[in-house]
Amino acid sequence: MRKIFTLFFMSMFLVIGTAMAQDDSADSLKLTFLNPKDGAMETSVYNIRLQFNKDVTATLPEGGIDVVNNDTKEVVKITRIYKDEWTPANTVLFYFEQKMMPDKDGKGEELQDQYIDTPGSYSYTIPAGCIKSVDGEEFAEHTFTFSVVGTFGVESYSPQTTSKLEKIQITFTEEVTEVIFPNSGLPVVDGYWTPVSWVKNDVVISEDKKTVTFELEEPITAEGTYGIDLYQGTFVGPKGINTYSSLMFNVIDSNPSFVTNFQEGERVKEIGNLEITFRNVSEVKLVEGAEPVTAYLPGDGEATGKAALANNRITVTFDQQFTEEGVYTFVIPAGMFTMDGVPNEPREINITLFTFSIIPLEVDSVIPAMGTVDKLDRIIVVYNQDVTLSMDENWQQISREIALTCGDKVYTLTYNSMSNLSNKIEYLVNAQWTGYEYESTPITEAGTYTLNLADIIVDHAVEDYIDEWGYPNKMWHSKGKSCEGTYTWTISGDNAIKVVAPETGEQVIYDLLGRRIEKIVGDGIYIVNGKKVVIK
């Protein structure tokens, strides 16, 4: 009998255990995100967001949900569930009650959402069944807490400049009693926001509780600027939590060193004297009898330099000019000078000399050519090199529209952005947007038309050079260049275009739109496509 009872009890235990396991299975309704977190410290709370592992629906009990300040017993009510098309179906967003409050101008009142910013400990209870999954499962009654606290900031920190960053001291305006590290830790990042070291979890808080000292896992000695972000709530004290702060550190090389006016691998337009300057050095001396600086020229040539010292700067001059294109190697021998009594290490610098040809910007031609024309529908300016319209400080094309004048009349020329021509700028006369491109409206009225080239401001490639692979290239760094001069065209007023058909030798007449004229009725009056057309 005892064995049967034991088996029955074990069976029931297994059933209950299985049921409990099922309740905690992946299929059961679970809270996956809560803001503010249960037990969190906040500086203010504007709403409460709950996110679940399933899509849910939510209702509020009659009278809403009380959020109670446990210190003062004051109550702020949750009275609204916010939902719009961007709110995920698995999310519930609770808002506090609305009240009539003074508007921004102080001249009236408007309905405003309430929020919590009074310091204290708060709690609220979500009743069972208030939130249900779409398959009918209820979210059980839950009570959550959070605290609203004051804030304090960083008063000072050190070191701000150092040759070795291994410890960081931060002094706050209020006492700090606890440091809560983010789950991801506290990284020290470089200028590319890449972590280069991490703060150790063990910190030291000073006796007055205002200074916190960190030690880095790996000291930083490489020159550069580094930063660390102190997120809100990392430092906790009796009067609240810290505000967000971003601290910057400069790591400098404090060892004696020298640099030259040429950099390894540099490409230059001309080579003059070699200048040697120093960092973290009090006294520089040239060593008598030391080997001189040698320059190895393209091919097999070489040149010897003469060094002179003035104001802790060494200038090396050569008895020849360097003009041949190619690679030059400057060798600074070991022991040529001393830095605070220490002889220098040798250094080799390779630079490449390119000769550059500077091409003045000129206009090769303008299409149509100056003279008498039947119409003006577009004007193309052809330059002697590649050009683009210059931009202003707001990246707007300066010469997108320019003027074509005829006496007192002014016609607008619009840059044809669809032309995409390398050394040509094309303008359309009285352009109209058709939906995908500009289309010109031809001028046919008799008269003399003038274009001022100075109105066209372009950027252009002012220098041609041969790159390191031996290919020709251009440097685009001339801005706001214009060419002087004017171009004129004359429209005679004889607006019919007469051509001779090559097949028959017959004279064929077309109008300005390219339509064949079937019959001449009178002076300037034609029959086109069976209709009378007047062309003047």
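Which order do the three strands of the open sheet have, and is their pairing parallel or antiparallel?

A: The model is predicted. In the open sheet of three strands, the order is β29-β34-β35 and the pairing is antiparallel. Strands β29 (284-286) and β35 (342-343) form the edges, each pairing on one side only. Between β34, which covers residues 337-339, and β35 there are two bridges in the antiparallel sense. Within this pairing, M339 has V342 of β35 as its bridge partner. In general, the strands of a sheet pair through backbone hydrogen bonds, in a parallel or an antiparallel way.

R347 is placed over the face of F258, 3.8 Å from the ring centre. Aromatic pairs number 24 in the structure. One of them joins Y46 and Y115, which are stacked with 4.5 Å from centre to centre and 20 degrees between the planes. The angle qualifies as stacked because planes under 30 degrees apart are counted that way. Y46 belongs to the loop between β2 (40-42) and β3 (47-52), and Y115 to the loop between β9 (109-113) and β10 (120-126), so this pair ties together parts 69 residues apart in sequence. Y46 is partly exposed, at 48% relative accessibility. Y115 is also partly exposed, with a relative accessible area of 39%. Other ring pairs link F152, F172, F181, F214 and F235 into a cluster.

Charged pairs make up another set of contacts. The count of salt bridges comes to eleven. One of them is formed by the side chains of K77 and D66, at 2.6 Å from N to O. K77 sits in strand β6 (residues 75-82) and D66 in strand β5 (residues 65-69), so the pair links distant parts of the chain, eleven residues apart. K77 counts as partly exposed at 29% relative accessibility, and D66 is partly exposed with a relative accessible area of 33%.

A salt bridge also joins R279 and E223, whose closest N and O atoms are 3.5 Å apart. That distance qualifies because the cut-off between a side-chain nitrogen and a carboxyl oxygen is 4 Å. R279 is in strand β28 (residues 274-279), while E223 is in the loop between β21 (211-220) and β22 (224-230); the pair links distant parts of the chain, 56 residues apart. R279 is partly exposed at 36% relative accessibility, and E223 is partly exposed with a relative accessible area of 43%.

The side chains of K409 and E445 meet in a salt bridge as well, at 2.8 Å from N to O. Here K409 lies in strand β43 (residues 409-415) and E445 in the loop between β46 (438-439) and β47 (447-452), so parts 36 residues apart in sequence are tied together by the pair. K409 counts as partly exposed at 39% relative accessibility, and E445 is partly exposed with a relative accessible area of 40%. Beyond such pairs, K54, D135 and E137 are linked in a network of salt bridges.

Conventions
Residues numbered from 1 in each chain as written. Predicted model: local features only at pLDDT ≥ 70, side-chain atom pairs only at ≥ 80, totals over all residues. Heavy atoms only, no water. Phe/Tyr/Trp six-rings, centres within 6.5 Å; stacked < 30°, edge-to-face > 60°. Helix = DSSP H or I, 4+ residues; strand = E, 2+ residues; numbered from the N terminus. Buried < 20%, exposed > 50% of the residue type's maximum accessible area, 1.4 Å probe, protein only. Lys NZ or Arg CZ within 6 Å of the ring centre and 35° of its normal. Pairing = 2+ DSSP bridges.
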